[in-house]
Amino acid sequence: MSSPSGLLLVSKGMTFSGTSDARLDRQSGLSRLGSDTFDVLVIGGGITGSGVALDAAARGLSTALVERDDFASGTSSKSSKLIHGGLRYLQQGDIRLVYEALRERKRLHRNASHLVHVLPFMIPILSKNSVVSKKIARALGSAMWMYDLTGGWRIGKLHKRLSADEAFAHIPTMSRERFSSAYLYYDAEADDARLCIAVLRTAVQHGAVLANACSVVAIATDPDGIKMVTLVDKYTGDRIVARARVVVNASGVWADDVRELDEGVHPHTLRPAKGVHLTVSWDKVRNDIAVVIPVPGDKRSLFVIPWVSNGDGTYKYTYIGTTDTDFKGPVDDPQCTKDDIDYVLRALNAAVNTEVTQADVTAVWSGLRPLVQTSTGQTIKGRTADLSRRHRVTTSTTGVVTVTGGKLTTYREMAQDTVDAVVEVLGSRRRCTTQRLSLRGSGRFSPTKNASDLVRHVEGRYGSDAAQIYSLINSEPSLAEALIDGLPYVKAEAIFAVTHEMATSLDDVLSRRTRCRLFDRRATIAQAGDVAALIAPLLGWDATRINNETRAFIDDCAREEAAARVTEEEFINSVQ
């Protein structure tokens, strides 16, 4: 069947599996949170908390999860979107971390093949100002073999050396004369927020109960040892007391705040590190693979990653990041400041010859890594880049299990370690089953040779759940129209975000269920009101609420634009 525009929607050559509903139902979740007693209540709907909920539910534990804002609204939607071992950790001597991350990369590539895609990376060896000087290029070759042997080979490809001409062909905006050679190696990438939703929908398939927009304001214990967690519904103000035998604190950079509710004292064990990324038009860089570039005058490097394939070897965007700096401001509102943008553009313009300016930046995003500094809150001096990316699982004297640290790639292993601690508190012997557990949408399907751009786009986001998107379009062909002009998303995806993925606000749809805001902020602002009107009937919004949602989204984007015009110090002073 085709849409009026001729786009192929579903064909006899396409087969789907795993298309049972698994919708995220907030009202049902709130009802059960107020009535049931759970084995486990997870606080935090980022990738770590989502992984914990799936692991616990898959072990047969009755499981609930609550999130203060939206799923993945913190760090889990603002990462570099890489599923990787971390070559620099190998260079720092943390072989165990790299081995574990590469093992988890392989598992994710298998368990979520529709979301996790192999991505080639190139490290240029330049005549000067290189990430790697010619003098130590041979040592890097040894490191590359170490990366492959540590687990890089699991992705099915090994590194190789490129000639100067081969390297230049991958990023022709760099000067050919600067190239000496390059190394090519392989990691993977994934839409971080999309991955989080897939994990949560899989958890629901295993019986988990979820609710977003639900704040935790108190944690207590009744005489029988049951945890009583007081929740406040963001939209109604209603209070709900959820009951669980064990509480898991997986709230990222807010973990110490949740611990204070349980322990009565703020432990100060985390040191937030800010990482920012910029999006620019692909024509300004023209890289067809990811490239690692040096930061002049610093020991760091940045990733330059092509984004949104046109299907012909070209792309719509390139994003550049990430920084790694101490953040002293409020963790609820990290912003990308002028200092951050200047830092990234200075590095980019030292590499390419197209003179990219702030006017060329179409979007930015800024997230905080919850790096673990000490178990006692003792301050550690030095750069955040030197702090461990390992995770830590602790259990309080009252039985609240807290997981902190870690990275996107290793979320499943973090969840396994956390639920191991949970079952110890429960006195259970249930073992982890997620090592080979396929995530929602990973069922195989094969598009025909003549598959349209729409089919390729939807396949890369929904996998076997693409059938549900096509069903919406088949019932209403206008839903195949662009959600935001010039961007790859269609209106059916916004509808699906509300009906199946618990999107409750305009920002949920435009920033996380789709990545419109991260592609092109101004284009998204221009049609934000249209999107609000599209989803309003599903959410029961009247004209006033449509206007309020649109205004809130535009105001949030305006704050983002304003932050880009001031220094980091000026921004911090303005919000304190």
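Reply: Happy to! Helices (H or I, at least four residues) and strands (E, at least two) are DSSP runs, numbered from the N terminus. This is a predicted model, where local features need pLDDT of at least 70 and side-chain atom pairs count only at pLDDT 80 or more, while totals for chains, interfaces and linings use all residues. Residues are numbered from 1 along each chain as its sequence is written, and side-chain values use heavy atoms, with hydrogens and water left out.

Me: Which helix gives the most to the lining of the largest cavity?

Reply: On a 1 Å grid over the protein atoms alone, a cavity is a set of points where a 1.4 Å probe fits but cannot get out, and a pocket is an open set with protein on both sides within 12 Å along at least five of seven lines; lining residues have an atom within 4 Å of a point. Helix H2 (47-58), helix H4 (95-111) and H10 each supply at least two lining residues of the largest cavity. The top contributor, with four residues, is H4.

Me: How much space lies in the largest cavity?

Reply: Grid points are joined across faces, edges and corners, and a volume is the space filled by probe spheres set on the points. The search of the whole structure finds three cavities of 30 Å³ or more. For the largest cavity, the space comes to about 100 Å³.

Me: How many charged residues are in the lining of the second largest cavity?

Reply: Asp, Glu, Lys and Arg count as charged, Ala, Val, Leu, Ile, Met, Phe, Trp, Tyr, Cys and Pro as nonpolar, and the others, Gly among them, as polar. Residues lining the second largest cavity include Arg194, Arg201, Asp465 and Glu501. Beside four nonpolar and two polar residues, the number of charged ones is six.

Me: Which element gives the most to the lining of the second largest pocket?

Reply: This pocket has a volume of about 1300 Å³. Of its 44 lining residues, the closest to its centre include Arg456, His457 and Gly460, and helix H11 spans 453-462. With seven residues, the element that gives the most is H11.

Me: Is threonine 409 buried or exposed?

Reply: Threonine 409 sits in the loop between strand S18 (401-405) and helix H10 (411-426). Buried means under 20% relative accessible area, exposed over 50%, and partly exposed in between (1.4 Å probe, protein chains only). Because its relative accessible area is 1%, threonine 409 is buried.
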